[in-house]
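Q: Hi! Could you walk me through this one while I have it open?

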There are 4 protein chains.
Amino acid sequence: MLGEIKGLNEECGIFGVYGHPQAAHMTYYGLHALQHRGQEGAGVVVSDGYDLKQSKGQGLVTEVLDEEELMTLSGHAAIGHVRYSTAGGKTFENIQPLFFRSSTGSLALAHNGNLVNATKLRQELEETGSIFQTTSDTEVIAHLIKRAGRTPIIDRIKQALNELEGAYAIVMLDEKRLIAALDPRGMRPLSLSKVGSGYAIASETCAFDVVGAEYIREIHPGELLVIDDQGIQVDSFSQPKDRSICTMEYVYFARPDSNVDHNNIHSVRKRLGKKLAEVSPVEADVVTGVPDSSISAAIGFAEQSGIPYELGLIKNRYVGRTFIQPSQALRERGVQMKLSAVKKIVEGKRVVMVDDSIVRGTTSRRIVNMLKEAGAKEVHVRISSPPITHPCFYGIDTSNSGELIAANHSIEEIREMIGADTLTYLPVDAMVEAVDRNDTSPNCGHCLACFTGKYPTDLYEDSLPPHEKEQLIGAKS
Amino acid sequence: MLGEIKGLNEECGIFGVYGHPQAAHMTYYGLHALQHRGQEGAGVVVSDGYDLKQSKGQGLVTEVLDEEELMTLSGHAAIGHVRYSTAGGKTFENIQPLFFRSSTGSLALAHNGNLVNATKLRQELEETGSIFQTTSDTEVIAHLIKRAGRTPIIDRIKQALNELEGAYAIVMLDEKRLIAALDPRGMRPLSLSKVGSGYAIASETCAFDVVGAEYIREIHPGELLVIDDQGIQVDSFSQPKDRSICTMEYVYFARPDSNVDHNNIHSVRKRLGKKLAEVSPVEADVVTGVPDSSISAAIGFAEQSGIPYELGLIKNRYVGRTFIQPSQALRERGVQMKLSAVKKIVEGKRVVMVDDSIVRGTTSRRIVNMLKEAGAKEVHVRISSPPITHPCFYGIDTSNSGELIAANHSIEEIREMIGADTLTYLPVDAMVEAVDRNDTSPNCGHCLACFTGKYPTDLYEDSLPPHEKEQLIGAKS
Amino acid sequence: MLGEIKGLNEECGIFGVYGHPQAAHMTYYGLHALQHRGQEGAGVVVSDGYDLKQSKGQGLVTEVLDEEELMTLSGHAAIGHVRYSTAGGKTFENIQPLFFRSSTGSLALAHNGNLVNATKLRQELEETGSIFQTTSDTEVIAHLIKRAGRTPIIDRIKQALNELEGAYAIVMLDEKRLIAALDPRGMRPLSLSKVGSGYAIASETCAFDVVGAEYIREIHPGELLVIDDQGIQVDSFSQPKDRSICTMEYVYFARPDSNVDHNNIHSVRKRLGKKLAEVSPVEADVVTGVPDSSISAAIGFAEQSGIPYELGLIKNRYVGRTFIQPSQALRERGVQMKLSAVKKIVEGKRVVMVDDSIVRGTTSRRIVNMLKEAGAKEVHVRISSPPITHPCFYGIDTSNSGELIAANHSIEEIREMIGADTLTYLPVDAMVEAVDRNDTSPNCGHCLACFTGKYPTDLYEDSLPPHEKEQLIGAKS
Amino acid sequence: MLGEIKGLNEECGIFGVYGHPQAAHMTYYGLHALQHRGQEGAGVVVSDGYDLKQSKGQGLVTEVLDEEELMTLSGHAAIGHVRYSTAGGKTFENIQPLFFRSSTGSLALAHNGNLVNATKLRQELEETGSIFQTTSDTEVIAHLIKRAGRTPIIDRIKQALNELEGAYAIVMLDEKRLIAALDPRGMRPLSLSKVGSGYAIASETCAFDVVGAEYIREIHPGELLVIDDQGIQVDSFSQPKDRSICTMEYVYFARPDSNVDHNNIHSVRKRLGKKLAEVSPVEADVVTGVPDSSISAAIGFAEQSGIPYELGLIKNRYVGRTFIQPSQALRERGVQMKLSAVKKIVEGKRVVMVDDSIVRGTTSRRIVNMLKEAGAKEVHVRISSPPITHPCFYGIDTSNSGELIAANHSIEEIREMIGADTLTYLPVDAMVEAVDRNDTSPNCGHCLACFTGKYPTDLYEDSLPPHEKEQLIGAKS
């Protein structure tokens, strides 16, 4: 039961805009640019100054919203959300933004991140009469805001946010205001931009390029922005704590054309690849990257090493929800899934295969095997981040610790398990240096918990899935 | 704002089953039989004894649930709901059953009817911290159950139900139990049946015929049934008050093959038609009914009067969501909508057009006009119920009083407005006699409020839409 | 192979309109009214005077055509088709109208009926180089028109039609003309109407009522109508032969609000029911009809016999393509399919069950059984047509002779097989009298082949499915 | 009229397999890999040795075929087709494979390429009685095969192919055989592979990698392969003429992981980019490619020039059929379409923008403008092919000559029109050298008609769209 109530580790994207005559359309395009952050559900809530209207559903933004639907969502302010979840079935309940109505007005919330004290807060709320219709952390936040009493909404929001522990980037909308907030450690990315005479907020800056918005700056940790008719008011609900932005956003999750904290992601990844070529050189004939997220690192590796970058692996673009997966029988006869090795490129070659990470090892084994079957003489796996030894409790779905191959095996064991000729990872300090060249101290600014087990926040046993409690105790000791 | 929060007048159908290996499938077929009670949304929640699973969405039962979806809903107990609403857009929030989770278990509710003190209750709940995600009365009921504290669930349900005023037939499901309750006046129909070794509950008995369930009896006013592993426990949460079952269920809403309070609806309607022929005879050539709900009354009228029953009006069966409505230009050129007059039948004839009711008069005017354009020499409109002079606050969408043609016009004025040669209604006492031959007192057993303005419950001004408050004052005085 | 190439017995509906600014929309509404004649596929071809455009697909008219699609089909002339077929899969090829292009212009054809010499014609065409993309008779007609050479199109059409043997009602469209033709025996219904300054053609007159068209007259056997800018030219391609209109159109197939040969179908069916009550009276408590096609006959039976007409059987309206059929297990537990018996109505009663026909007997057995299980004391089956002893080769899917219960069993045997207490059919002469009171000779005007085995045309062994050849020989001898 | 009958310039992909127990599934995966060659329609025809079954429709392979559909397509041999077309509406008629039935057997055909004498052949066929249901060249081929008389099918096919002039790669399927043929100049790519004990044919080798097939060799010009129970028979229908494979397949059309004539496409494109850097060096800060087809060339340019390759332009992957295009108003406010410039990368930089070709110049202008608005200081456009000065009549949609910017303007004029700081193209001989390092003669092996106007075949005025006839005369003179 607990497991089900526990907020899922959700990777999400959020967007908000205020002061644009077609706010819902802008949110559509913004969410579209953030689609890689979540493909399971999408939603928009719009305000025309008097009333909120919403539209949400399962699937891609383009599946959930059509022109007819967007036309009904008139208004000058909007927030939106794209959501990733492993939950199946028609569970609309968790699709965000969540939308609450009361006799004094409505409030919509969209949230990216994960609270570590959600279960504790939920239990306290239940004891005093709250009832829950979703399993998402976002509903906890809404209840806290409601419980904060009859004081002005901004005060109630501040009070509620101060009860949260964990990672959260939030946009909220009521009839009159767009509100944005970021947790005091700034664990998730969130940026501000100017669009016409109004403003837009987004998880990643790629959404700004798409809607023609001009980047202003990152939202600061602990900051609360309130945007309304009067313009933007910069406020804070908490003293900022040590910045701990998620490193995996750079390594794997963000889009290569986004900038996080002034760093272009593609360039960061190229530097990770170059650094990898420096610290783990290898004699080889071709460099190839695992599409899509490792292409930039592979190009960097090739540039640094002088080994030509070639398309040894290819991803079929048209794979989607309706794709018929090959049966076991067909796979045994050689039918490939999303990725194929390109025989002509790898046949008889010593191949450097650059990837961004190894989680459970099964995918890596499959790709190495595919390259070998296509005739690769040697496969040298180069990972542009350190071994993932600890689970993430802040919203990246790095699986639980029992499944993390590097939590339980040495690098040499992993090499053998995935069938590579050599395997190296990028050390933590080299990664941090490549991510941000101006600041090389190991944990100043970046959350490295999944590599080091040093979690920047307290952890609450009640809020963890059962299989993580044991791991947690290990992490603490 | 208030208007939006006010629970909509919802006509709905509910179904529940306990003790059947394919409870979700049974609910699917049951809801299918109740589809005429609501075509805008449908949902099912199923229990396997440990956990609840749900599936719901907009549209017909057959659109919301497919075989694949049903297969995932394994369990031996289920409840379901079909819903009518005029609200557009993808507003999943109000689709029932509503589903609430807590650390101590889950609860699902489905509700047919309308509370008259919903706004008052909602405001009280909001003041003590409840937040609402829907505009439906059902969420109010759930909050009341939650607020009733930590006592056993059945006690909390009883306490909550006693705070409600209005019409409500409810089915509830938790991990272990199916619960059914009917308001103390029994304003909505709700019946119990045996199916195999288990039980089924439904808004109408037609759902029993379809799933092979054997009718046992009506649920009594104020009754609370709890069905679990131990069998059925009959309990009550309130002393029954004067029975006030909705007369419009007989006249218009229920399916002709259903029985309400042991009366077959088709037979009731034939008696209404016969009575109408007795009290308002007319010289004519053919009798025709407005499809579908008035066919039975028309056959009764023909049988009593000796005037042959013919198909003067026809409804196109295939009309549905995707039907392209004719443009104004095409309608002006004679393209008909759902109904057509059959020229061959009515040309040169004196036509008796039997209908079950006149609400705003616009549809009647359109049909009379259609008959005349098709060549009818005379059109004699016979209505198998009295003039609707007051709005319904208990769940039948008879529109607000400003739009009720009979609230503002004499019968002669209405006749002229709709263009009929003669127009008569069935008097209240004749209607009551036809509905139930054994009991002819005007308000013993039947709610006649929409005809008489005598509302069986108190009315709460705060819970009424603004345009009804004035009307209410008139009704009270 | 032969069987597959043989044109299927297709029940279809056709519509055409000339001289209306929104011809495609009109065809949409017209086909919609004819939807009962075929639900498997639909198509429209429209002309704007210069070019033809088409749209067609599988499913109902409302599924195939949406507003967006219709908007692209601008033009003042159009033809359309709805199609019934048991063939599964995405076989678009047979969906009509068929559309042929050439350097000198295009031609579209839609056809209702069945040719008995199609296979012979097809073989002759193939031998001289024609290739076929469909299995439909319509493509044969198109090839014959093409082969008729370079003479004017109307002459070529006449020449082609004279090679056909069987039942055919055809509408054709080229850039400049709407053409309609009916086989020389008038075996299928086809009517002409005036709509504004133009004309409409339809399989049934119900399509005229819907689009506001004014019925003019039936198309005569052997007639060829050409409608263009100059108005309507009435021509004929053949001497009319003895009229042999399909009797099953009256008994079962046409819509009750249609008129065939000036006879309203509902009224015909009421007369059939009355006649049945005269010739086969029975002591009983209620009369019920098998929905939908037998309701009119049941009302007639009740009117004549004085036994009240009640809703003992009910059809669930929402049954459609997406309906999940109950599994065998559920059916064994009593879950009903499309039809349910109404327990309250039939319990303890002697029931007259009126149906229009018995084909294989399985449905009748199921319904009788359903009534008995619902408590009917006696079930008296009354069929408003004679026993079907011979297969139809002209387009009504009465199954092959091996499956026709009345081809192989006496009435008493059938009664026993379906479990009825009594069973009577309407004799041929009584049926003919009821269909057309002015003309009582057995085969003047009506095709009675399925009842009598007297086929109005020659039959071609090569064109019959193998299992019918033997039967055919019997029929001839 | 002529224009409509004229076969459209179709870019397509074809696939065939013989001797695999799940031939339809294999074709599904094969077509999926070829999806970039056509996204408007897809189809499969399968043979089980006795009968052919087909499934086809509009849209992507994954939209047209679902698991349920594939399951019905059992058989050991299949052909399939993906199709590009600008034609809108539900025009199923041109979707391939085309499927013809006759009393002696069926034949299905799928075709990639374009015939230059199609109109002439079509007119001849029409004059002798053929009727056409599509506008595709493929139907012409089928008629020619039919007309070739009653000789064995292989002889008839050879005779028919010899009447064709133009580019064609064809797969055909009858009950017993898979047949593949390539035009005598080998203008379109077509390859053969081994899969288990059977064979597969595909337009590109990427389809082989995906289904686990082992590449054997290219199909030779003028070759006819017949694959059946007896294995593979290599035959030819024509003497091969000078090889003239389409150069645009290398430059733009084929997938980077495919090999054409033993050349890996990604590697060819990298060489094109390197050569471009050699012949047109430039001082700049970053190199960026126009996604997707120019990325390889951009990486080559960066590798050769030492200027870093960065993501200055990004394509949104989720763009599809249902994407809501931004309105003009939104575009004026800066909302981008499929491509966005990445401000962070290009701001203040001198950018080399590598693209594969310029057709009309409008897209190039838009991208250059986008880069400048994002802050690029200079934009140097480098095109990895020569100016396109002549239309293609062999199946690549390079638009008509009136719209080809390079047909009407000098390079300097084009530079100015697209707003670039410098613009260079790759010369023809440099391109040919990069494509095939072993063979540098200008027209030995490659069709260079769109760059040079030297068409390898005769052209037929009647088969050209009107606006090309004038151009043609120019080309001839």
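Q: Let's start with C:Pro221: which residues does it touch, leaving out those up to four places away in sequence?
A: C:Pro221 touches C:Leu182, C:Asp183, C:Pro184, C:Arg185, C:Gly186, C:Pro240, C:Lys241 and C:Arg243. Being in contact means that the C-beta atoms, placed from the backbone, lie within 7 Å. This is a predicted model, so local features need pLDDT of at least 70 and side-chain atom pairs count only at pLDDT 80 or more, while totals for chains, interfaces and linings use all residues. Residues are numbered from 1 along each chain as its sequence is written, and chains are lettered from A and ligands numbered from 1 in the order in which they are written.

Q: Where is C:Pro221 in chain C, and is it buried or exposed?
A: C:Pro221 sits in the loop between β11 (214-218) and β12 (223-228) of chain C. Helices (H or I, at least four residues) and strands (E, at least two) are DSSP runs, numbered from the N terminus. C:Pro221 is buried, because 21 other C-beta atoms lie within 10 Å. The cut-offs are 20 or more other C-beta atoms within 10 Å for buried and 12 or fewer for exposed, with partly exposed in between.

Q: How far is C:Pro221 from C:Lys343 in space?
A: They are 49 Å apart, C-alpha to C-alpha, and 122 residues apart in sequence.

Q: Switching topic: what does the UniProt "binding site" annotation cover in chain A?
A: The unreviewed UniProt entry puts it on A:Cys246, A:Cys392, A:Cys447 and A:Cys450.

Q: Are A:Cys392 and A:Cys450 buried or exposed?
A: A:Cys392 is in the loop between β21 (378-383) and α15 (405-408) of chain A, and it counts as buried because it has 21 C-beta neighbours inside 10 Å. A:Cys450 belongs to helix α18 (residues 449-452) of chain A and is buried too, with 28 other C-beta atoms within 10 Å.

Q: Now the A-D contact: how many residues of chain A meet chain D?
A: 48 residues of chain A are in contact with 47 residues of chain D. On the side of chain A that touches chain D, α2(A) gives the most, with 5 residues. That side divides into 22 nonpolar, 17 polar and 9 charged residues. Here Ala, Val, Leu, Ile, Met, Phe, Trp, Tyr, Cys and Pro count as nonpolar, Asp, Glu, Lys and Arg as charged, and the others, Gly among them, as polar.

Notes
Contact = placed C-beta atoms within 7 Å. UniProt positions renumbered as here; feature names shortened; annotations may be inferred.
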